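Q: I should like to learn how to read the features of a protein model. May we take them one at a time, beginning with a single contact?

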Amino acid sequence: MFDEPEAGIDLWSFNNLIKVFEMLKVDRESTVVIISHQERILATADSIAVIEDGKLILTGPKCEVYSQIMCPRSCCLKRGDFVRRECGLQ
């Protein structure tokens with residue numbers, strides 16, 4: 001479990017951190033829990049849990065949850081492209 005591991009690190013270190021997460025997930029067949037407020041960390045996620053005021057309010061596959069929290073009704077092009085690209089949507 002990592003609590004905001006990307007806080008205060010530069011881009012090079014962030015990219016190395018992502019490699020570590022991927023290695024843990026794939027090579028060791030582990031579950032990695034990352035607590036973060038940063039959108040850029042979502043690329044490593046398979047699923048997302050949203051906690052508000054200490055309560056679990058939403059959980060599910062990355063594409064489902066991301067589209068609900070970032071693009072509720074009118075999706076901005078930048079975020080919409082992210083969701084389509086990350087989820088393999090057209």
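Q: Which side chain does the side chain of Glu 6 join in a polar contact?

A: A polar contact is a pair of N or O atoms within 3.5 Å; within protein, one must be able to donate a hydrogen and the other to accept it, and residues adjacent in sequence count only if both atoms are side-chain atoms. Here the partner of Glu 6 is Ser 36, and the polar contact between the two side chains is 2.7 Å. This is a predicted model, in which local features need pLDDT of at least 70 and side-chain atom pairs count only at pLDDT 80 or more, while totals for chains, interfaces and linings use all residues. Residues are numbered from 1 along each chain as its sequence is written, and side-chain values use heavy atoms, with hydrogens and water left out.

Q: Is Glu 6 buried or exposed?

A: The terms rest on relative accessible area: buried means under 20%, exposed over 50%, and partly exposed in between (1.4 Å probe, protein chains only). Glu 6 has a relative accessible area of 3%, so it is buried. Its place is in the loop between β1 and α1. Contact means heavy atoms within 4.5 Å. Apart from neighbours within four places in sequence, the contacts of Glu 6 include Phe 14, Leu 17, His 37 and Arg 40. In the chain of 90 residues, buried residues make up 23%.

Q: How many helices and strands does the chain have?

A: Helices (H or I, at least four residues) and strands (E, at least two) are DSSP runs, numbered from the N terminus. The chain has three helices and four strands. Their order along the sequence is β-α-β-β-β-α-α. Of the contacts with a separation of 6 or more, 33% are between residues 24 or more positions apart.

Q: What span should helix α1 have, and how far apart are its end C-alpha atoms?

A: The expected span of a helix is 1.5 Å times one less than its number of residues. Helix α1 covers residues 11-26, so its 16 residues should span 22 Å; the end C-alpha atoms are 23 Å apart, which agrees.

Q: Which residues of α1 are buried?

A: They are Phe 14, Leu 17, Ile 18, Phe 21 and Leu 24. Because they cover an arc of only 125 degrees around the axis, they lie on the same side of α1. The arc is that of the directions from the helix axis to the C-beta atoms. These buried residues pack against β1 (2-3) and β2 (34-35). On the other side of α1, the exposed residues are Trp 12, Lys 19 and Val 26.

Q: Which residues of helix α2 are buried?

A: In α2 (residues 62-70), the buried residues are Lys 62, Val 65 and Tyr 66. Their arc around the axis is only 100 degrees, which puts them on the same side of α2. Cys 63, also in helix α2, is partly exposed at 26% relative accessibility.

Q: What volume does the largest pocket have?

A: Rolling a probe the size of a water molecule over the atoms shows where empty space is left. On a 1 Å grid over the protein atoms alone, a pocket is an open set of points where a 1.4 Å probe fits, with protein on both sides within 12 Å along at least five of seven lines; lining residues have an atom within 4 Å of a point. Grid points are joined across faces, edges and corners, and a volume is the space filled by probe spheres set on the points. The largest pocket has a volume of about 880 Å³.

Q: Which residues lie nearest the centre of the largest pocket?

A: Of the 25 residues lining the largest pocket, Ile 34, Ile 35, Ser 47, Ile 48 and Ala 49 lie nearest its centre. At least two lining residues come from each of α1, β2, β3 (47-52) and α2. The most come from β3, which gives five. Ala 49 belongs to strand β3 and is partly exposed at 48% relative accessibility.

Q: What is the phi of Asp 53?

A: Most residues other than glycine have a negative phi. Asp 53 is not a glycine, yet its phi is positive, at about 50 degrees. Asp 53 lies in the loop between β3 and β4 (55-61) and is exposed, with a relative accessible area of 73%.
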